Amino acid sequence: MKKYAEYEQLRFERRPNGVLLITMDRPEKYNAADEGMHTELARVWTDVSADPETRVAVVTGAGKAFSAGGDLGMVERMTGDHERVSHMLGEMRDLVYNIVDCEKPVVSAINGVAVGAGTVVGLMADISICARDAKIGDGHVKLGVAAGDHAAIIWPLLVGMAKARYHLLTGEMIDGAEAERIGLVSKAVAREDVLPEALRVADSLATGSQQAIRWTKRALNGWLRMAGPIFEQSAAYEMLGFLGPDVVEGAAALREKRAPRFPSAPPMTT
């Protein structure tokens, strides 16, 4: 566990049969990802992949939320800052591809709201167990930037293009029951059963043929690798948005809890 002791916002617990429970541990902020947590979420999968004591990783959130997206302060610090935006572009890429390239299966236990970075981890996991009443969505367009950090690479494969277009263009949230119905998550259960079910699934993976399971994961993720250029384009578009005026208004509207008035959509006269 020495390697994991370096993490400040992720908590680790060894479970039987080589299951590693990873908990996003910022409950006072509903596990919203600031710069520190985002960095840790991007690099932890490399450590998990190289960890000889871990066969399966389960990731969940402390408290009532899975992860309430990106910390608003981080969004405001990134806005108009080319250096920060460039750094985040690389880190976004690492977060997605490090989960894809992790040799070990990843199971997400989506115990509450999942947006932004939380949705990335929850949906990029190989198997996702979600609370029926959890709220899931990608609200990038409501912030004033393109849906980039994972949406274009995984949503069309999970739910089809029609549903992906609808939810990513509107930014509408859905609950876990609807997410299961449309295929966005693997399974939806009662909130109190989310972590036990995720651990049950992880235990079955950890006691199965490790070679067969890991090779199956690698083969299936070929679909994601084929969509790599689409992901790279969407990530670049999202980061480009952080250098424009709409995100300034989007962040202000979120902080002030009002509807945004985006500069790119001025009132039209009839």
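Q: Which hand does the β-α-β unit of strand 2, helix 1 and strand 3 have?
A: This is a predicted model: local features need pLDDT of at least 70, side-chain atom pairs count only at pLDDT 80 or more, and totals for chains, interfaces and linings use all residues. Helices (H or I, at least four residues) and strands (E, at least two) are DSSP runs, numbered from the N terminus. A crossover is right-handed if, with the strands pointing away from the viewer, the path from the first strand over the helix to the second runs clockwise. For strand 2, helix 1 (residues 35-50) and strand 3, the unit is right-handed.

Q: How many bridges join strand 2 to strand 3?
A: Residues are numbered from 1 along each chain as its sequence is written, and side-chain values use heavy atoms, without hydrogens and water. Two strands pair if DSSP finds at least two bridges between them. Strand 2 (residues 19-24) and strand 3 are joined by bridges numbering 6.

Q: Which residue of strand 5 is the bridge partner of Val59?
A: Strand 3 also runs parallel to strand 5 (residues 106-110), with 4 bridges between them. The partner of Val59 there is Ser108.

Q: How many of the 6 residues of strand 3 are buried?
A: Buried means under 20% relative accessible area, exposed over 50%, and partly exposed in between (1.4 Å probe, protein chains only). In a regular strand the side chains alternate between the two faces of the sheet. On one side of strand 3, Val56, Val58 and Thr60 are buried, and on the other Ala57, Val59 and Gly61 are buried too. Strand 3 (residues 56-61) is therefore largely enclosed by the rest of the structure, the buried count being 6 of 6.

Q: Which strands stand at the edges of the open sheet?
A: The sheet has 6 strands in the order 1-2-3-5-7-10, and its pairing is mixed. Each edge strand has a single partner strand, so one side of each is left without a neighbour in the sheet; these are strand 1 (10-15) and strand 10 (187-189).

Q: Which residue of strand 7 is the bridge partner of Ile110?
A: Strand 5 pairs with strand 7 (residues 127-131) in the parallel sense, over 4 bridges. Within strand 7, Ile110 has as its partner Cys130.

Q: How are the rings of Tyr4 and Phe12 arranged?
A: Rings of Phe, Tyr and Trp (its six-membered ring) pair if their centres lie within 6.5 Å; planes under 30 degrees apart count as stacked, over 60 as edge-to-face and the rest as tilted. Of the two residues, Tyr4 is buried at a relative accessible area of 5%, and Phe12 is buried at 12%. The ring centres of Tyr4 and Phe12 are 4.4 Å apart and the planes are at 20°, so the pair is stacked.

Q: Which residue lies over the face of Tyr7?
A: Ring pairs link Tyr7 with Tyr4 and Phe12 into a cluster. A charge sits over a ring if NZ of Lys or CZ of Arg is within 6 Å of the ring centre and within 35 degrees of the ring normal. Over Tyr7, at 4.1 Å from the ring centre, lies Arg43.

Q: Is Asn31 buried or exposed?
A: Most residues other than glycine have a negative phi. Asn31, in the loop between strand 2 and helix 1, has a positive phi near 60°. With a relative accessible area of 0%, Asn31 is buried.
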